[in-house]
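Visitor: I have a structure open and would like to go through it. Can you help me read it?

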Amino acid sequence: GCGLPAGPFGSLGALEGISYLAIVGLVGASLSARAQQGRGLGPGPSGILALAEALAFLVACAGLFVLYFQIQEYGFIPEPVPVEGGRCSDI
């Protein structure tokens with residue numbers, strides 16, 4: 001339920017946050033392209049963009065399942081930033 005530890009200089013936590021933004025960006029761009037053009041982002045060079053688009057949707061769906069089961073099991077979503085006395089905090 002908790003995110004990655006901050007790591008040296010907060011690099012692991014930052015990398016986790018950036019990866020979430022990348023997934024949301026790819027899914028958003030794909031949905032926007034589908035709404036405007038009726039198709040996804042296209043294959044790109046060597047099909048890498050299509051692969052990234054498919055993996056982004058897969059990870060987004062997995063994230064929604066984790067969110068659902070987190071709420072079912074614990075009744076809440078852990079705080080995104082560690083707070084004193086919080087479930088995901090060593091403070």
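This is a predicted model: local features need pLDDT of at least 70, side-chain atom pairs count only at pLDDT 80 or more; totals for chains, interfaces and linings use all residues.

Visitor: How many helices and strands does the protein have?

Guide: The secondary structure comes to 2 helices and 0 strands. Helix α1 covers residues 11-37, and helix α2 covers residues 48-74.

Visitor: What share of the residues counts as buried?

Guide: Of the 91 residues, 13% count as buried.

Visitor: And what about contacts across the sequence, what share of them is between residues 24 or more positions apart?

Guide: Taking the contacts with a separation of 6 or more, 25% are between residues 24 or more positions apart.

Visitor: Back to the helices. At what angle do the axes of α1 and α2 cross?

Guide: They cross at roughly 110°, and the axes come within 9 Å. An angle of 65 to 115 degrees counts as roughly perpendicular, so α1 is roughly perpendicular to α2.

Visitor: Is that crossing left-handed or right-handed?

Guide: The crossing of α1 and α2 is left-handed.

Visitor: Which residues meet there?

Guide: From α1 there are I23, L26, V27, S30, L31 and R34. They meet A52, E53, A56, F57, V59 and A60 of α2. By type, the residues of this contact divide into 9 nonpolar, 1 polar and 2 charged.

Visitor: Let's take E53. Buried or exposed?

Guide: E53 has a relative accessible area of 7%. Buried means under 20%, so E53 is buried.

Visitor: What does the side chain of E53 make a polar contact with?

Guide: With the side chain of R34, at 3.3 Å.

Visitor: Which residues does E53 touch, leaving out those up to four places away in sequence?

Guide: E53 touches S30, R34, G40, L41 and G42. Among these, S30 and R34 are also in the list of α1 residues that meet α2.

Visitor: Now A60. Where is it found?

Guide: A60 is in helix α2. A60 is partly exposed, with a relative accessible area of 26%.

Visitor: And how far apart are A60 and I23?

Guide: In sequence they are 37 residues apart, and in space 7.0 Å, C-alpha to C-alpha. A60 touches I23 and V27, if residues up to four places away in sequence are not counted.

Visitor: What is phi for F9?

Guide: Phi of F9 is near 60°, a positive value in a residue other than glycine. F9 lies in the segment before α1.

Visitor: Is F9 buried or exposed?

Guide: Exposed means over 50%, and F9 has a relative accessible area of 89%, so F9 is exposed.

Visitor: What about S46, where is its place?

Guide: S46 is in the loop between α1 and α2. S46 has a positive phi of about 60° although it is not a glycine. At 85% relative accessibility, S46 counts as exposed.

Visitor: What is L12 in contact with, leaving aside neighbours within four places in sequence?

Guide: L12 is in contact with L4, P5, A6 and G7.

Definitions and conventions
Residues are numbered from 1 along each chain as its sequence is written. Side-chain values use heavy atoms; hydrogens and water are left out. Helices (H or I, at least four residues) and strands (E, at least two) are DSSP runs, numbered from the N terminus. Buried means under 20% relative accessible area, exposed over 50%, partly exposed in between (1.4 Å probe, protein chains only). A polar contact is a pair of N or O atoms within 3.5 Å; within protein, one must be able to donate a hydrogen and the other to accept it, and residues adjacent in sequence count only if both atoms are side-chain atoms. Contact means heavy atoms within 4.5 Å. Axes are lines fitted to C-alpha atoms, for helices over the stretch in contact, and angles run from 0 to 180 degrees between N-to-C directions. Angles under 35 degrees count as roughly parallel, over 145 as roughly antiparallel, 65 to 115 as roughly perpendicular and the rest as oblique. A crossing is left-handed if the near helix is turned anticlockwise from the far one by less than a right angle, and right-handed if clockwise. Ala, Val, Leu, Ile, Met, Phe, Trp, Tyr, Cys and Pro count as nonpolar, Asp, Glu, Lys and Arg as charged, and the others, Gly among them, as polar.
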